[in-house]
Amino acid sequence: MRRAIDVASRVQGSTAPNPWVGALVVTAAGDVHEGATQPVGGPHAEVVALQRAGEAAEGATLVTTLEPCGHHGRTPPCTDAIVAAGIRRLVLGIHDPDPLVAGQGATALQAAGIEVTEGVCAAEVAAQLEPYLHHRRTGRPFVTLKLAATLDGRLAAPNGDGEWVTGIEARTDAHRLRARCDSIMVGAGTVRADDPELTVRHVVGRDPERIVLGEAPPGAKVHPCIEISGDLPWVLEDLAKRGVVDLLVEGGPTVAGSFHRAGLVDHYVIYLAPALFGGDDALGLFAGAGAATMEGLWRGRITAVTRLGQDLRVDLRPS
């Protein structure tokens with residue numbers, strides 16, 4: 001199962017709105033055939049593994065991180081392919097909360113006489129598929145807010161210049177985040193001020209779909225992009241319907257403050273540089289009114305602190 005998790009990690013960010021799944025066909029002779037979910041419209045992980053195994057799938061064990069689908073969507077049911085291939089046993093990480101699956105895939109395979117073992121490395125699989133599970137359960141994308149600041153909490157000089165607060169190691173790590181997420185969002189103000197490309201550099205990976213909160217000026221490097229405006233909860237629900245599952249928000253202090261105050265951030269990633277502006281006139285992480293009293297202070301939980309060159313990455317989750 002851990003090998004299947006590793007296989008799935010290679011396609012994370014490229015399969016939305018489908019989940020990134022890894023599957024292995026383990027034959028009676030001990031040979032292993034790997035499969036991962038292909039971009040939308042392509043075969044699911046189980047079918048890829050079965051195709052690679054061919055006739056050797058007869059009597060074999062299928063290991064998959066997520067419950068196989070049993071319904072017709074853009075592709076035929078994976079359960080039909082599993083039964084037709086002659087698989088003897090299914091080893092399953094977790095069930096799929098999608099109402100179209102939700103236990104029905106495993107039940108159909110058991111009814112066909114296939115032995116089903118469930119819950120193998122379930123916590124590890126759930127952690128890998130967290131954005132997908134969140135999307136299916138809430139109807140909104142999983143939102144990661146990425147911020148970079150000096151130790152006194154400032155992200156740019158008073159004149160707006162914020163290039164570069166952190167070093168190359170932290171910036172490379174941020175591009176790994178981009179490659180992991182299927183979509184990236186900034187505000188129209190950031191587009192006008194910085195004209196970012198929002199592509200994946202420094203690492204090998206797929207460029208995320210680009211989203212601008214507001215209208216991007218004609219000729220901006222962010223084009224082609226989705227331009228969207230409105231109440232943030234509605235924006236997220238609309239994006240989820242468009243197939244956005246794992247959303248990285250890299251907006252400036254206005255967008256960051258809006259998401260934070262609305263309670264719509266699922267994961268904060270904050271890069272801290274060993275630098276100080278030393279005053280109160282540089283731009284802070286969040287624009288707008290914050291907590292008025294200590295009782296109103298937002299408190300989360302730090303889940304990881306990572307050294308990246310001279311910088312620190314702090315991972316923060318809501319309590």
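Trainee: Which residue stands opposite Gly300 in E15?

Mentor: Pro318 in E15 stands opposite Gly300. Keep in mind that this is a predicted model.

Trainee: In what sense do E14 and E15 pair, and over how many bridges?

Mentor: Strand pairing is read from bridges and direction. Strand E14 covers residues 300–308 and strand E15 covers residues 311–318. The two pair in the antiparallel sense over 8 bridges.

Trainee: What do E14 and E15 form, and how many residues lie between them?

Mentor: A hairpin, with 2 residues between the strands.

Trainee: Where do the side chains of a regular strand go?

Mentor: They alternate between the two faces of the sheet. Now take the sheet here. It is open, with 8 strands in the order E10-E9-E8-E11-E6-E12-E15-E14, and its pairing is mixed.

Trainee: Which strands stand at the edges?

Mentor: E10 (226–228) and E14. Each has a single partner strand, so one side of each lacks a neighbour in the sheet. From one strand to the next, the twist averages 25°.

Trainee: In what sense do E6 and E11 pair, parallel or antiparallel?

Mentor: Parallel, over 4 bridges. E6 spans residues 142–150, and E11 spans residues 246–249. Phe142 has Asp246 in E11 as its bridge partner.

Trainee: Which helix lies across E6, E8, E11, E12, E14 and E15?

Mentor: Helix H7, residues 168–180.

Trainee: Next, helix packing. At what angle do H2 and H3 pack?

Mentor: Read the angle together with the axis separation. H2 (residues 45–53) and H3 (residues 78–85) pack at about 25°, with axes 9 Å apart. Angles under 35 degrees count as roughly parallel, so H2 is roughly parallel to H3.

Trainee: Is the crossing of H2 and H3 left-handed or right-handed?

Mentor: Left-handed.

Trainee: Which residues meet there?

Mentor: From H2, Glu46, Val47 and Leu50; from H3, Cys78, Ala81, Ile82 and Ala85. By class, this contact has 6 nonpolar residues, no polar ones and 1 charged residue.

Trainee: Last topic. How many salt bridges does the structure hold?

Mentor: The structure holds 15. One of them joins Arg2 and Glu124, with the closest N and O atoms 2.9 Å apart. Then look at where the partners sit along the chain. Arg2 is in helix H1 (residues 2–9), and Glu124 is in helix H5 (residues 122–128). They are 122 residues apart, so the pair links distant parts of the chain.

Note on methods
Residues are numbered from 1 along each chain as its sequence is written. This is a predicted model: local features need pLDDT of at least 70, side-chain atom pairs count only at pLDDT 80 or more; totals for chains, interfaces and linings use all residues. Side-chain values use heavy atoms; hydrogens and water are left out. Axes are lines fitted to C-alpha atoms, for helices over the stretch in contact, and angles run from 0 to 180 degrees between N-to-C directions. Angles under 35 degrees count as roughly parallel, over 145 as roughly antiparallel, 65 to 115 as roughly perpendicular and the rest as oblique. A crossing is left-handed if the near helix is turned anticlockwise from the far one by less than a right angle, and right-handed if clockwise. Contact means heavy atoms within 4.5 Å. Ala, Val, Leu, Ile, Met, Phe, Trp, Tyr, Cys and Pro count as nonpolar, Asp, Glu, Lys and Arg as charged, and the others, Gly among them, as polar. Two strands pair if DSSP finds at least two bridges between them. A salt bridge is a side-chain nitrogen of Lys or Arg within 4 Å of a carboxyl oxygen of Asp or Glu.
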